[in-house]
Amino acid sequence: MQMAIGEAHKLDEAGSRRVGESLIQLVNGLIQAKPMAPEFRRSPLEALRERIVAYIDANLARSSLSAEDIARHMGCSRRYLHRAFEGEGATLERFVWHRRLERSKEELLSPARASASISEIAFACGFNSSAHFSRAFKSRYDVAPRELRERLRAVVH
C-alpha cells in the first residue's frame, strides 16, 4: 500500500483511479475480515503486471524506459517481467510502444495541449524522433498526427 501511495502522484487520472479502487477494495476486505471476492483476487503475476503498467504510465516520457529499467524498479528478473505479459498477446516492449502512442493521441486531442507542437508531444511521450513518431502513429491509427489535429480543429471551429 505504501508503494502505491508513493507512486500515485506519477500516474494519470485513470491509473490513479485504478490504484485507488484497488486500495479501497483491499482495505475494505481487511476491515470486514472477509476474503476478497474471486473476481478481485489477483495472482502474483497479475499484481506485478498492474504495478508494471502503473510504472510505465508514470515514466512514458523517459525515452530510456526499458525492460531492464522496469525489472530493476520492480525488483524482479527480466524473464519474470515478461511472464507478467505473456497472456496479453504483446511483448512488454510492444505494450510500452502502444501506451506511448495512446498517450500521444490523448495529448493531440487535448484542448490543454493545443498549443504544443506535434514534436513536443512526441518527445513528451518518449519518442526520440518526430518523423518516426508520425510514421508509427499513422500506422497504428490510420491517420497522421497533423491530420488528426486538423480534423479536431475543424470540428471545434
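This is a predicted model: local features need pLDDT of at least 70, side-chain atom pairs count only at pLDDT 80 or more; totals for chains, interfaces and linings use all residues.
Leaving out residues up to four places away in sequence, F123 touches A61, N128, S129 and S130. F123 and L60 are 63 residues apart in sequence, while their C-alpha atoms are 9.9 Å apart in space. The points below go from the chain as a whole to the packing of its helices, and then to some single residues.

**The chain as a whole**

- The chain contains nine helices and zero strands, so that its pattern, read along the sequence, is α-α-α-α-α-α-α-α-α.
- Of the 157 residues that make up the chain, 32% count as buried.
- The chain exposes about 9700 Å², and carbon and sulfur atoms supply 54% of that area.
- When contacts between residues at least 6 apart in sequence are considered, 58% of them join residues that are at least 24 apart.

**Helix α3 against helix α6**

- Helix α3 covers residues 44-59 and helix α6 covers residues 92-109, and the two pack at an angle of about 45° with their axes 11 Å apart.
- The crossing in which α3 passes α6 is right-handed.
- On the α3 side the contact is made by R49, I52, V53, I56 and D57, and on the α6 side by L92, F95, V96, R99 and R103.
- Sorted by class, the residues of this contact between α3 and α6 are six nonpolar and four charged, with no polar ones.
- As background to reading such lists, an α-helix has 3.6 residues a turn, so residues three or four places apart point the same way.

**Helix α3 against helix α4**

- Helices α3 and α4 pack with their axes 11 Å apart and at an angle of about 120°, and they are therefore oblique to each other.
- The crossing of α3 and α4 is right-handed.
- The residues of α3 that make this contact are L48, R51, I52, Y55 and I56, and those of α4 are D69, I70, H73 and M74.
- By class, the contact of α3 with α4 has six nonpolar residues, one polar residue and two charged residues.

**Helix α6 against helix α8**

- The axes of α6 and helix α8, which covers residues 130-141, come within 11 Å of each other and cross at roughly 95°.
- This angle makes α6 roughly perpendicular to α8, because angles of 65 to 115 degrees are placed in that class.
- From α6 the contact involves W97, H98, L101, E102, S104, K105 and L108, and from α8 it involves H132, F133, A136, F137, R140 and Y141.
- The residues in the contact of α6 with α8 divide into seven nonpolar, three polar and three charged.

**Helix α4 and the residue after it**

- Helix α4 runs over residues 67-74, and its buried residues are A67, D69, I70, A71 and M74.
- These buried residues of α4 pack against α3, against α5 (78-83) and against α6.
- Just after α4 comes G75, which takes a positive phi of about 75°.

- R49 is found in helix α3, and R49 counts as buried because its relative accessibility is 19%, which falls under the 20% cut-off.
- Apart from its neighbours within four places in sequence, R49 is in contact with A84, F85, E88 and F95, and F95 is also listed among the α6 residues that make the contact with α3.
- D142 lies in the loop between α8 and α9, the latter being residues 145-156.
- D142 is exposed, because its relative accessible area is 66%, and exposed means over 50%.
- Although D142 is not a glycine, D142 has a positive phi of about 60°.

Technical notes: Residues are numbered from 1 along each chain as its sequence is written. Side-chain values use heavy atoms; hydrogens and water are left out. Helices (H or I, at least four residues) and strands (E, at least two) are DSSP runs, numbered from the N terminus. Buried means under 20% relative accessible area, exposed over 50%, partly exposed in between (1.4 Å probe, protein chains only). Contact means heavy atoms within 4.5 Å. Accessible areas come from the Shrake-Rupley method with a 1.4 Å probe; for residues, only the protein chains shown count as cover. Axes are lines fitted to C-alpha atoms, for helices over the stretch in contact, and angles run from 0 to 180 degrees between N-to-C directions. A crossing is left-handed if the near helix is turned anticlockwise from the far one by less than a right angle, and right-handed if clockwise. Ala, Val, Leu, Ile, Met, Phe, Trp, Tyr, Cys and Pro count as nonpolar, Asp, Glu, Lys and Arg as charged, and the others, Gly among them, as polar. Angles under 35 degrees count as roughly parallel, over 145 as roughly antiparallel, 65 to 115 as roughly perpendicular and the rest as oblique.
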